[in-house]
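Trainee: Could you walk me through a protein model today? I would like to learn how to read one.

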Amino acid sequence: MALHNLQGLNNGDEVDFESTWETLAASFTQIHTKNASLLSFEQLYRQAYKIVLKKKGDELYKRVTSFEQDWLTEKILAKLKGLLSNALISGNTAEAGGQTANERLAAGDRFLRELKTAWEEHQLCMSMLTDVLMYMVRGLEIEVTS
């Protein structure tokens, strides 16, 4: 997504929530897929800021939460589930399906390495999203305390 192609991002005070959300969601996907180098975090932050100023921070929060739940369920959990076998889940060697102890050990090791990688990538993505959405948190705190 080139800087000049950010749809829904305008310089005026008007904020089209849906097109701005689509831009933010596409940017979040780019962040999760390690393609964030062309993103302008300043412009994305500014758009999230405008949404909160227009009293739509609650809706933005709900959309971000839903986006992250979907991402984790559809992309990450599905990938991790594919690494699990019945023998790993139950720990029962009778269900090992012909796997040797070394094969089960290797499968467990692969699962744990993938889980660790997924966690580290999630932490990095959340850090980047925090940079974009930091005003959303502040705006929601102000709304709650008001």
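Mentor: Let's look at the helices first, then at the aromatic rings. This is a predicted model, where local features need pLDDT of at least 70, side-chain atom pairs count only at pLDDT 80 or more, and totals for chains use all residues. Residues are numbered from 1 along each chain as its sequence is written, and side-chain values use heavy atoms, leaving out hydrogens and water.

Trainee: How many helices and strands does the protein chain have?

Mentor: We take DSSP runs, numbered from the N terminus: helices are H or I with at least four residues, strands are E with at least two. From the N terminus on, the elements run α-α-α-α-α. The protein chain has five helices and zero strands.

Trainee: Is F28 buried or exposed?

Mentor: Buried means under 20% relative accessible area, exposed over 50%, and partly exposed in between, with a 1.4 Å probe and protein chains only. The relative accessibility of F28 is 0%, so F28 counts as buried.

Trainee: What kind of aromatic pair do W21 and F28 form?

Mentor: Rings of Phe, Tyr and Trp (its six-membered ring) pair if their centres lie within 6.5 Å; planes under 30 degrees apart are stacked, over 60 edge-to-face, and the rest tilted. By this rule there are four aromatic pairs. The ring centres of W21 and F28 are 5.9 Å apart and their planes are at 75°, so this pair is edge-to-face.

Trainee: Which helix holds F67, the partner of F28?

Mentor: F28 and F67 are also an edge-to-face pair, with 5.7 Å between centres and 70° between planes. F28 lies in helix 1 (residues 17-32), and 39 residues separate the two. F67 sits in helix 3 (residues 57-81).
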